[in-house]
Amino acid sequence: MVGLVAPVGPNSFVPTAYRVKQKIRESADTLTLAIAPINPLAAIPIEAGLAHTGTSTGQPGQFNMLYAHGVGEIPVSISGTTNGGLTLQTIRAVGPVSRALTRLKVGGQLGVRGPFGTMWPIQALAGRSLIIIAGGIGLAPLRPAIRYAIAHLAAFTSVAIYIGARTPDDLIFARELCKWSLLAPALSIKIAVDSWQNTSATGALLRPSVGMVTALLPGRLPASTTSALVCGPEVMMRHAGLDLMGLGVSADDIFISLERNMKCAIGLCGHCQLSSLFICKDGPVLPLTRVQHLLRTLEL
Amino acid sequence: MTDEDPGKQMLPSGAHRLSNSGFSNLFNQLHAAGYTIIGPRLEQNAIVLDELQSAKDLPSGWGDEQEASTYRLRRRADQAYFGHNLGAESWKKFLYPRRQLLWRAQQSGAGLEFERPVSPPQALAFIGVRACDLAAIKIQARVHQGQESDQPLNPEVDRSVFIIAVNCAQATATCFCTSMTTGPSVYKHGYQYDLALTEFADVNDHHFIITAHTARGQAVLKQLPLQDADESAQLAVTRQHELTAQSMSRQLDLANPAEFFKSRLEHPAWEAIADRCLSCANCTMVCPTCFCTKVEDTTDLSGDHAERWLQWDSCFHLDFSHLHGGSVRKSTRSRYRQWLTHKLGTWHEQFGSSGCVGCGRCIAWCPVGIDLTAAVTALGRLPNNEAVPHEPN
Amino acid sequence: MNQIEDLICVHPFFAGLGQEFCLFVARCGINQHYAGGQYLAHEGESAEALFLIRKGNIAVETKVPERGAVIIETLNDGDIAGWSWFFPPYLWSFDLHALTNVSVIALNARCLRDKCEDDPRLGYEIAKRLARMMTERLKNTRLRLLDLYKAPPDLPHRGP
């Protein structure tokens with residue numbers, strides 16, 4: 001069983017100032033900010049012993065706390081990094097802070113604390129048959145893991161990606177999905193939408209199926225050598241887990257990413273607890289074995 | 001007292017006897033050493049923790065009566081300084097203050113700048129820390145520092161807090177530290193403090209037995225007018241401890257805390273408690289180990305200056321678990337369950353001990369008198385409220 | 001005929017059925033090919049076949065005023081299309097529309113129903129497989145009905 005430990009990094013209460021370098025619209029309510037620290041070399045001088053550099057770009061699965069000046073702070077998954085040192089944060093505008101962040105202009109500034117949390121154990125899965133299931137905005141925290149898998153395709157026995165979304169227009173990273181589909185058959189990628197709305201050309205281009213994303217899973221797979229990374233709405237992750245286990249995959253080999261209310265992101269404020277787990281530091285990536293019974297109890 | 005069992009000897013070696021006036025001198029010594037002294041005082045019909053200028057500020061001659069949703073002061077026949085038990089406040093008020101400025105942010109032409117305010121560390125002395133509160137201080141330090149550190153206190157305050165522990169000469173009805181093996185003796189559980197006192201307050205004779213446990217504690221002790229403590233002191237301290245321990249009627253029966261709650265998450269007893277709970281959050285405010293905080297982001301009218309304040313929070317608040325379009329724990333039932341299963345159960349997995357020290361504050365200060373020891377008993381019964389059949393050995 | 005029974009035996013719907021049954025069922029089947037855009041079935045018409053999809057994508061579709069032909073579900077390699085053939089009045093509920101070139105084994109409905117009546121063991125095997133497929137589709141439909149990807153309502157509250 002692969003163990004997950006959040007890497008020790010610069011954790012403090014004080015954000016570092018970052019600038020928005022690029023904005024990429026992904027869908028009607030989601031966009032990606034490409035951000036970089038304003039001063040990558042200077043540590044912000046605060047009390048001795050608490051100097052914070054905030055320059056680490058984060059591993060697949062991790063998140064940053066993004067602060068919109070005067071509005072508030074929310075956890076946002078790191079959806080990629082660039083060679084130029086930019087961090088990509090994909091944000092769905094659903095509340096006051098996320099809306100304020102998505103309204104930042106290029107050149108605008110925000111505060112960043114992080115990176116925090118456990119990682120997709122993608123490097124430890126070399127040699128395995130890798131399955132990645134992403135639902136909706138869940139594709140964002142999985143993208144760094146997918147990019148890693150694509151850069152190291154030969155290291156895996158096989159890589160199969162399943163992506164679910166509400167409608168073709170709600171698919172994020174659409175251009176990148178097209179590029180990934182060109183990697184067949186080395187990389188298998190299948191897309192399903194809950195319902196088909198004949199609107200966008202990109203949607204049609206990607207030729208998604210209509211149906212549940214988990215219905216795309218094969219009828220058989222090499223269960224003992226398969227590992228899965230799953231991210232999306234909790235109900236979807238629960239059922240993806242059930243379907244994978246129905247095919248013989250062990251719950252130890254299925255990793256999901258959970259969300260809870262986060263304030264400090266370092267296991268001190270208590271908000272993100274799920275039973276004995278602090279989702280900010282024992283997660284957000286967790287093996288299904290540790291959480292599946294918890295997810296079935298309402299209001300835990 | 002004829003028991004010669006060495007385990008029964010409460011008092012460590014090096015004890016001295018301190019008179020009442022000598023005790024008053026302790027305050028002078030601490031002030032001379034630059035400490036601000038915090039201890040119990042009487043304010044508005046309750047014992048609170050606040051700054052003390054001298055021994056006169058202590059609530060001498062006052063005791064209390066506590067029960068579920070009941071707190072009452074009563075006059076004692078003697079002038080004991082520590083003849084009361086715990087008030088609503090605990091030492092977390094000073095170690096992890098209710099409201100702290102985390103940072104200031106400024107938005108200007110130059111951009112966004114963050115600065116953390118630096119404040120000079122305060123030299124505090126806590127006087128009158130009971131065993132259960134020593135346990136709570138240790139637990140909160142563990143929460144805040146993680147496994148890497150063995151330090152007993154918050155590092156920002158650690159170097160300066162001077163602790164004077166006090167053995168409880170009486171228990172009240174809400175106490176159950178014996179069940180939680182956290183007290184009543186400050187000598188038994190590996191706690192860290194500088195000085196320890198055991199008070200003996202008769203109408204005719206008021207004195208203390210005092211011990212020092214650190215170099216700086218020893219340094220203060222040496223300045224006081226001391227007398228030798230003889231064999232009778234050992235007997236007196238031991239006897240006081242036993243009387244206090246034996247007077248505790250409340251018990252928490254929880255043999256296997258981590259497992260106990262896992263199989264009872266949907267037990268009907270939760271509903272019965274939820275019916276009464278107001279989710280007022282009193283229990284979390286008075287609990288000496290509760291550590292949850294929230295942050296408040298504020299700006300001035302111009303929007304250029306922002307501040308982030310760290311504040312105490314409670315898992316009983318509806319928006320504590322807010323996510324997306326609602327809260328994970330909407331019902332009062334789920335929030336009470338979260339608090340209890342965390343305090344008594346999952347805390348073990350997180351921090352290696354129970355989160356409860358048996359201080360009983362939550363029982364006294366709950367406006368509807370919810371008693372967590374009774375809650376555990378109810379959960380221990382079968383779902384139809386029958387007692388679990390007793391297994392023959 | 002040999003070819004058909006082999007194709008039937010390897011199709012996931014009939015996995016584990018046994019050579020004897022595959023041969024028995026093969027007598028009802030023919031190999032068919034449809035070009036992308038062609039219809040295999042129309043709503044309301046007599047459901048004459050169970051389609052075993054060997055290769056290709058078929059949309060289960062319905063015509064909705066002002067929305068046009070709406071795809072309800074996409075069926076892929078290894079799926080089956082059609083259960084209306086099994087239950088009276090044996091009429092298609094939806095359209096089946098080939099999205100790509102499609103190769104199917106079409107099993108004649110009346111032939112298959114008669115064989116199931118003649119041999120209850122075969123009938124039971126087919127009923128089990130149909131039931132399983134239907135519960136899977138129903139489960140997935142229910143999950144889709146939850147509309148899990150929808151943006152959450154913006155409720156007033158204190159905090160982000």
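**Note on a predicted model: chains, domains and salt bridges**

1. Start with the two domains of chain B. Putting domain 1 of chain B and domain 2 of chain B together buries about 2100 Å². Carbon and sulfur atoms give 64% of that area. Keep in mind that this is a predicted model.

2. Where do the domains of chain B run? The assignment gives domain 1 as 16–96 + 120–246. Domain 2 is 257–302 + 314–385. Their contact takes 27 residues from domain 1 of chain B and 29 residues from domain 2 of chain B. The C-alpha centres of the two domains lie 28 Å apart.

3. Charge pairing between these domains comes next. The rule finds one salt bridge across the interface of domain 1 of chain B and domain 2 of chain B. A salt bridge also joins B:Asp133 to B:Arg361, with 2.9 Å between the closest N and O atoms.

4. Now the interface of chain A and chain B. About 3500 Å² is buried between these chains, and carbon and sulfur atoms give 56% of it. The contact takes 36 residues from chain A and 48 residues from chain B. How many salt bridges cross this interface? The rule finds one.

5. B:Arg308 and A:Glu73 pair through their side chains in a salt bridge, at 2.7 Å from N to O. Both belong to a network of salt bridges, in which A:Arg113 and B:Asp297 are also linked.

6. Chain A on its own: there are six helices and 15 strands. Of its 300 residues, 62% are buried. Its accessible surface comes to about 11000 Å², and 55% of this belongs to carbon and sulfur atoms. Take the contacts in chain A with a separation of 6 or more: residues 24 or more positions apart account for 71% of them.

7. Within chain A, look at A:Glu176 and A:Arg143. They form a salt bridge, with the closest N and O atoms 2.9 Å apart. A:Glu176 sits in helix H3 (residues 174–181) of chain A and A:Arg143 in helix H2 (residues 139–151) of chain A, so the pair links distant parts of the chain, 33 residues apart. Are these two buried or exposed? A:Glu176 counts as buried because its relative accessibility is 12%, under the 20% limit. A:Arg143 is buried too, at 5%.

8. Contrast the setting of a pair in chain B. B:Lys93 forms a salt bridge with B:Glu89, the closest N and O atoms being 3.1 Å apart. B:Lys93 is partly exposed, with a relative accessible area of 27%. B:Glu89 is partly exposed as well, at 25%.

9. Chain C supplies another pair. The side chains of C:Arg121 and C:Glu20 meet in a salt bridge at 3.7 Å, N to O. C:Arg121 lies in helix H4 (residues 120–145) of chain C and C:Glu20 in helix H2 (residues 19–26) of chain C, so the pair ties together parts 101 residues apart in sequence. C:Glu20 is exposed, with a relative accessible area of 55%. Over all chains, the count comes to 36 salt bridges.

10. Helix H10 (residues 332–351) bends by about 55° at B:His342. Of the 20 residues in H10(B), 17 are buried. Just after this helix, B:Gly352 takes a positive phi of about 75°. Helix H3 (residues 131–145) of chain B holds B:Ile137. B:Ile137 counts as buried, at 7% relative accessibility. B:Ser90 is 47 residues from B:Ile137 in sequence, and their C-alpha atoms are 9.4 Å apart in space.

Conventions. Residues numbered from 1 in each chain as written. Chains lettered and ligands numbered in written order. Predicted model: local features only at pLDDT ≥ 70, side-chain atom pairs only at ≥ 80, totals over all residues. Heavy atoms only, no water. Bend = angle between axes of the 7 residues up to and from the residue. Helix = DSSP H or I, 4+ residues; strand = E, 2+ residues; numbered from the N terminus. Buried < 20%, exposed > 50% of the residue type's maximum accessible area, 1.4 Å probe, protein only. Contact = heavy atoms within 4.5 Å. Areas by Shrake-Rupley, 256 points an atom, 1.4 Å probe, with all protein chains shown as cover. Domains from an automatic or database assignment. Buried area = accessible area lost by both parts, 1.4 Å probe. Salt bridge = Lys/Arg side-chain N within 4 Å of Asp/Glu carboxyl O.
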